[in-house]
Amino acid sequence: MSDATLNAVKEDPDDFSVQIADQIESFILAVTAVSKGDDPDSAVPYLLLEISQLCLAGGRLGAHEDILPADRYEPDLGPEPDVDDLRERFAQLLEPIDVYSEVFDPYEPRKAPVACRISDDLADLVTDLRHGLAHYTAGRTTEAMWWWQFSYFSNWGSTASACLRALQSLVAHVRLDQPLAELDGLDTDEDLSEDALAEQAGQVMAEEIAGPLGLRTV
């Protein structure tokens, strides 16, 4: 489908591209608002909800037929907006629970888990999604849809699903009254063996929790 065809239905709320763009823009706005820390005790449930909805958009893109851009080369968007401030705000807001362990490819046998950070995940998601949104707002709808679909498979889809599992685990531990021991030494900058990571990952989170979902106010 050409840009002309897609743009002709851009204002139709039932159009696939409009729905995806709305979901992505809503995610970026909501996550940016949560990062301000005005309601820290509700940060985890808000993030759980927003990333769940983003994963739905990603699943729809993944199930859709291949979207091909109209041009062979992607138009230059200029420098990417800086997300370091958002990353740092989330790192502070989520400090007791920011680090979690993840296996990147569950189909690779005995793949060692690695340490990840929710704050890094959120910044990476916003970066990928903003890139496509810049095309969309410039009227390059096919380019935007192609980018969101391609980067869903290559990056943000796995990032979102990993982050969602971490957040769901946090909520489950609190709702099921299963507190976790304090995180002691797990660091994404360390080169950890599988055994060392597994031992440390078993001590994840914070000893004391504030509010309904395990966040300590800062």
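## Contacts of L167

Leaving aside neighbours within four places in sequence, L167 is in contact (heavy atoms within 4.5 Å) with V44, L47, L48, I51 and I118. This is a predicted model, in which local features need pLDDT of at least 70 and side-chain atom pairs count only at pLDDT 80 or more, while totals for chains, interfaces and linings use all residues. Residues are numbered from 1 along each chain as its sequence is written, and side-chain values use heavy atoms, with hydrogens and water left out.

## The largest nonpolar core

A nonpolar core is a set of buried Ala, Val, Leu, Ile, Met, Phe, Trp, Tyr and Cys residues joined through side-chain atoms within 4.5 Å; buried means under 20% relative accessible area, exposed over 50%, and partly exposed in between, with a 1.4 Å probe and protein chains only. The largest such core has 46 residues, of which F27, F90, I118, W148 and L167 touch the most other members. Two or more residues come from each of α2 (16-35), α3 (43-63), α4 (84-93), α5 (118-137) and α6 (141-175), and α6 gives the largest share, 12 residues. Helices here are DSSP runs (H or I, at least four residues), numbered from the N terminus.

## Aromatic pairs

The structure holds six aromatic pairs, meaning rings of Phe, Tyr and Trp (its six-membered ring) with centres within 6.5 Å, where planes under 30 degrees apart count as stacked, over 60 as edge-to-face and the rest as tilted. The rings of Y136 and W148 are tilted, because their planes stand at 35 degrees, with centres 6.1 Å apart. This pair links distant parts of the chain, Y136 in helix α5 and W148 in helix α6. Y136 is buried at 10% relative accessible area, and W148 is buried at 0%.
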